[in-house]
Amino acid sequence: MSGQPDEAVARRFGGVTKAQRIRRRGVRAAVWLIFAALAASTLYPLFFLTATAVRTTDDYRDSPAGLPQDLTFENIDLAFSEVEVGRLAINSLMVVVPAVIIITVVACLAAYALVHFSFPLRRTALVVVAALMALPPVAILIPIFKVVLDADLLNDRLGLILVYTALLLPFSIFLLASFMRSVPVELLNAAMIDGAGTLRRLWSVVIPLVRPGLLTLVTLNFLFLWNEFIFSLVILQSEANRTIMVGLSQFEGHGDKNLGIVAAGLLLSMIPPLLIFLFFQRDLARGLTSGAVK
Amino acid sequence: MARPEITTSGGPALVERRSAARGRWRRRAADIAIPLLLLAPAIVLLGWLMIWPLGDAIRLAFTSWDGFSAPQGIGIDNFEELLDDSRFKESLLHNLIIAATLPIWVAVPYAIAWGLQAKIWGWRFFRLAFFLPAVLSPVVFGLYYGLVLKPDGPLNSALRSIGLGGLAREWLNDPGLTLAVVIAILIWAIFGVGVLIFLSALSSLDREVIDAAHVDGASGWQIQRHVVFWQLLPVIEFWTILIIIVSFTSVFPLIYTLTQGGPGFSTYTVDFDLYQEAFTGGNLGYASAIGVVLLVVIAIVAGLTMALLRARRRIR
């Protein structure tokens, strides 16, 4: 670079030479093309699954990657009657919704205690929470299975609800604590002087101020549990209360005939995550980045 | 963080009726009791379903247990068997191969975040699109890629129709290729999260230092290496640790729905092996030993990676 004085001068004064401008444009165009290809690969599932779900098997065989010519709603009907996506979705909701509610309540109480009270071992408790966040659940799959088995909660939704609650608690407490730290102590003191008790201060002062954090937490946890697979597979083994991801994974869809049904089932299972993706994108981003960037 | 003034025992009006010493004692008791009560549900749940199982994992690792009768203590037999278990060793090797591609997992989102940060045309759309796989279940993209990568599926048929039929492969039935396909899918699924994390880190960069480096005549690459990298190091470390944990313990749903470990055992990973041993083989004690080894391996790999990243800091 030092051999080209005009470039150095141009850079120092904030301008660019002609050669640089052309090179920069070229780089930008190349980067743009790579990005476009990547975006095509991440959006293609939406197109492909929709297209495959609404076309006949013969039409699919003609050109699997192309546009559908011969439309049908049969696959979607069969996804409801054969795979019972509707029942699977309800099964999932019956686990995920209670779990998300319990997690939110328990994590709120715990984060409130950890942030706004001082007591012995408070630091230790925070360290334990952080350490548990890094503990991969799969490594303790067997002993968790044994706890559930011993408590006679195997094939019981309550068993999975409690396991889900415990698995997501460390992250939830951590996330809420980081939001609660920004609640001013003066407000809490003022509320206390006005005679507000411990829970009253949480409900009327802290919760309203961390509402964005709560929304982030609820959407993230819902998304995570709706998509969860291995614990659901292991704890709810009976066909009657299988969750949606397990139900889809057990459907024998390898024959070409069932291809459209699988696509329809997958598409339907994606509806809740897609809605969250479209409407709560900012909340998800905040939740995912809050741990990393501080 | 001592805030004794927050806690209270009764309203201010009652305080005057108590002796000073007794009031202080009661206040101290409340200081401990109230947070403890608030924490109680979390302590019970975490203790019962995470901390106890963590200890139990080690106990079960030294037993033979079929899931029905009581676990039988067998000493270190499980671990001795692991040393001779070629399937386990192969699974571990595959996980280590996945871990070896870690630089890609970090560099790809990092580079993409830079591109988006430069406000390239359509960057908001790209940011949205890249994040889409991250909200999908691994079951969904496992089954999706199962369809797309079929021998007569859309990928091969598209390759043939644009005259690149020579590139068509049996993507999921080629012992030398399928693991690479799995790794590519894993990266595809998670890179959007990394992009978001790096983007938000880049937006909080200290611009003044970068401008100063510019004025001093540093090249773009020099600024990257000597200024930006160090500012972003905590975020890079966070992402790296996350990726290591994910790459060792979250591959199961994809393998289960995409390859079932095949062809042969060429895409067996440790978490898949653990599940197979426990729930198709009925060797739950053995599977628990695999879990314990998995934890140790993750700790070692994460520790080494951190040491490597930190070592660069010291050399500087």
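Which residues does Ala110(A) touch, not counting residues up to four places away in sequence?

1. Ala110(A) touches Ile173(A) within chain A, and Leu38(B), Leu39(B) and Ala42(B) of chain B, where contact means that C-beta atoms, placed from the backbone, lie within 7 Å. This is a predicted model, in which local features need pLDDT of at least 70 and side-chain atom pairs count only at pLDDT 80 or more, while totals for chains, interfaces and linings use all residues. Residues are numbered from 1 along each chain as its sequence is written, with chains lettered from A and ligands numbered from 1 in the order in which they are written.

2. The interface brings 76 residues of chain A into contact with 81 residues of chain B. On the chain A side, helix 2 (residues 18-53) contributes the largest share, 12 residues, helices being DSSP runs of H or I with at least four residues, numbered from the N terminus.

3. The largest nonpolar core holds 167 residues, and those touching the most other members are Ala110(A), Ala111(A), Tyr112(A), Val163(A), Leu169(A), Leu176(A) and Leu266(A). Such a core is a set of buried Ala, Val, Leu, Ile, Met, Phe, Trp, Tyr and Cys residues joined through C-beta atoms within 7 Å, buried meaning that 20 or more other C-beta atoms lie within 10 Å of a residue's own. Helix 5 (residues 85-116) of chain A gives the most to this core, 17 residues.

4. Chain B is divided into domain 1 (12-61) and domain 2 (77-315), with bounds from an automatic or database domain assignment. Their centres, taken over C-alpha atoms, are separated by 41 Å, and their contact takes four residues from domain 1 and six residues from domain 2.

Terms used. Two residues are in contact if their C-beta atoms, placed from the backbone, lie within 7 Å. Helices (H or I, at least four residues) and strands (E, at least two) are DSSP runs, numbered from the N terminus. A residue is buried if 20 or more other C-beta atoms lie within 10 Å of its own, exposed if 12 or fewer, and partly exposed in between; C-beta atoms are placed from the backbone.
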